[in-house]
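User: I would like to learn how to read a protein structure, one feature at a time. Please start with the general idea and then show me the case here.

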Amino acid sequence: MGRGRVELKLIENKINRQVTFAKRRNGLLKKAYELSVLCDAEVALIIFSSKGKLYEYCSSSSMLKTLERYQRNTNSSTSQSSEIVALDVQDETYQDYLKLKARAEVLQQNNRNLQGEDLGPLSVKELEQLENQLEVSLKQVQSTRTQYMFDHLTELQQKEQMLREANKTLNKKKVDEDKAEIDLQFSWQAGEQRRQQQVDDHRRKIALQLSRQEGEQRRQQQQMDEHKAEMALQWSWQASEQQRQFAAYNHHINAAASERFFQPLECTPSLQSGNSLSNASNMMNSAAPVQNLLGFFPGWTL
């Protein structure tokens with residue numbers, strides 16, 4: 001049973017379409033090769049894929065020659081115009097190649113000359129041009145280097161400014177912290193001073209109270225001393241008055257004894273009337289020790 005006929009239409013599946021293209025392309029190239037070998041024919045095959053990729057086969061040495069032969073075998077005008085276009089294309093391509101080659105050689109020679117090599121064939125004018133070119137290149141290099149250094153310096157200045165601002169912020173923060181600490185210390189010292197002042201005020205109040213108490217005690221002691229002195233003065237005055245009365249009484253007794261006449265009177269030695277006999281006896285008895293102390297005896301004198 002043989003294969004069925006394949007319906008000729010676009011294959012929707014991309015993978016299947018790509019596989020079919022590869023198989024048919026290889027088969028077509030193989031058929032072209034076999035045709036050229038078996039029949040000694042000049043075969044040229046050009047294939048473009050759906051993505052624009054070129055696949056070609058030519059049995060001769062050059063695809064261009066085969067195309068030129070194809071152009072010659074068409075009508076004469078078309079053949080001539082095609083040949084001219086091909087030749088123009090070839091000439092233009094070759095001229096471009098020569099220009100690029102010459103330019104590359106010139107650039108290589110200029111590079112060697114700039115490096116100080118192959119300077120012998122150059123004339124004075126060419127050497128001056130080379131010198132001017134070197135000066136211009138040097139200026140450009142220096143300008144580029146200066147610009148780079150300036151940009152780097154600007155960047156460093158910006159970094160320095162940022163660091164200064166950061167340092168300024170840190171210093172301000174440090175100053176604020178130090179100020180807060182100093183304020184706290186001052187407030188603590190002020191509180192300590194107030195507490196010490198309160199203690200000193202309390203001490204002064206206590207000292208003032210003690211001084212007042214001492215002054216009051218001294219005043220009371222002074223009053224007591226004055227009272228004692230007054231009592232002592234009064235007692236001494238009374239004692240002197242009694243001594244004087246006793247002396248007068250003793251003198252009276254002595255005068256009576258000298259006259260051999262003694263009669264006790266019912267009165268006190270102070271000659272005060274109105275006292276009883278018992279009071280006189282008591283006065284006599286109480287005066288006896290004083291008289292003894294003064295060297296007097298009743299009825300006798302020393």
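Analyst: Two residues are in contact when they have heavy atoms within 4.5 Å of each other. In the protein chain, take the contacts between residues at least 6 apart in sequence: 24% of these join residues at least 24 apart. This is a predicted model, in which local features need pLDDT of at least 70 and side-chain atom pairs count only at pLDDT 80 or more, while totals for chains, interfaces and linings use all residues. Residues are numbered from 1 along each chain as its sequence is written, and side-chain values use heavy atoms, with hydrogens and water left out.

User: How many helices and strands does the secondary structure of the protein chain have?

Analyst: Helices (H or I, at least four residues) and strands (E, at least two) are DSSP runs, numbered from the N terminus. The protein chain has five helices and two strands. Read from the N terminus, the order of its elements is α-β-β-α-α-α-α.

User: What share of the residues of the protein chain counts as buried?

Analyst: A residue is buried under 20% relative accessible area, exposed over 50%, and partly exposed in between (1.4 Å probe, protein chains only). By that rule, 10% of the 302 residues count as buried. Accessible areas come from the Shrake-Rupley method with a 1.4 Å probe, and for residues only the protein chains shown count as cover. The protein chain exposes about 26,200 Å², and 56% of that area is supplied by carbon and sulfur atoms.

User: Is S49 buried or exposed?

Analyst: S49 counts as buried because its relative accessibility is 15%. This residue sits in the loop between β1 and β2 (54-58). With neighbours within four places in sequence left aside, S49 is in contact with F21 and Y55.

User: Where is D40, and what is its phi?

Analyst: D40 is in the loop between α1 (14-39) and β1. Its phi is near 55°, which is positive although D40 is not a glycine. D40 has 72% relative accessibility, so this residue counts as exposed.

User: How many salt bridges does the structure hold?

Analyst: A salt bridge is a side-chain nitrogen of Lys or Arg within 4 Å of a carboxyl oxygen of Asp or Glu. The structure holds nine. One of them joins the side chains of K159 and E155, at 3.8 Å from N to O. Both residues belong to helix α4 (residues 124-258), where they are four residues apart, about one turn of the helix. K159 is partly exposed at 44% relative accessible area, and E155 is partly exposed at 39%.

User: What separates K174 and D178 in helix α4?

Analyst: About one helical turn, because K174 and D178 are four residues apart in helix α4. They form a salt bridge in which the closest N and O atoms are 3.0 Å apart. K174 has a relative accessible area of 45% and is therefore partly exposed; D178, at 28%, is also counted as partly exposed.

User: Which residue forms a salt bridge with E241?

Analyst: The partner is R244, with the closest N and O atoms 2.2 Å apart. E241 and R244 are three residues apart in helix α4, again about one turn of the helix. E241 counts as partly exposed at 21% relative accessibility.

User: Which residues make the nonpolar surface patch?

Analyst: Patches are made of residues with over 30% relative accessible area and no salt bridge; like charges are joined within 9 Å, and nonpolar side chains (Val, Leu, Ile, Met, Phe, Trp, Tyr) within 5 Å. Here I46, F48, L54 and L67 make a nonpolar patch of about 370 Å². Of these, I46 lies in strand β1 (residues 44-48). I46 is partly exposed, with 42% relative accessibility.

User: Which residues gather in a patch of negative charge?

Analyst: Lys and Arg count as positive and Asp and Glu as negative, with His and the chain ends not counted. The place of a charge is NZ of Lys, CZ of Arg, CG of Asp or CD of Glu. The negative patch on the surface gathers D88, D91, E92 and D96. D88 belongs to helix α3 (residues 76-114), and its 43% relative accessibility makes it partly exposed.
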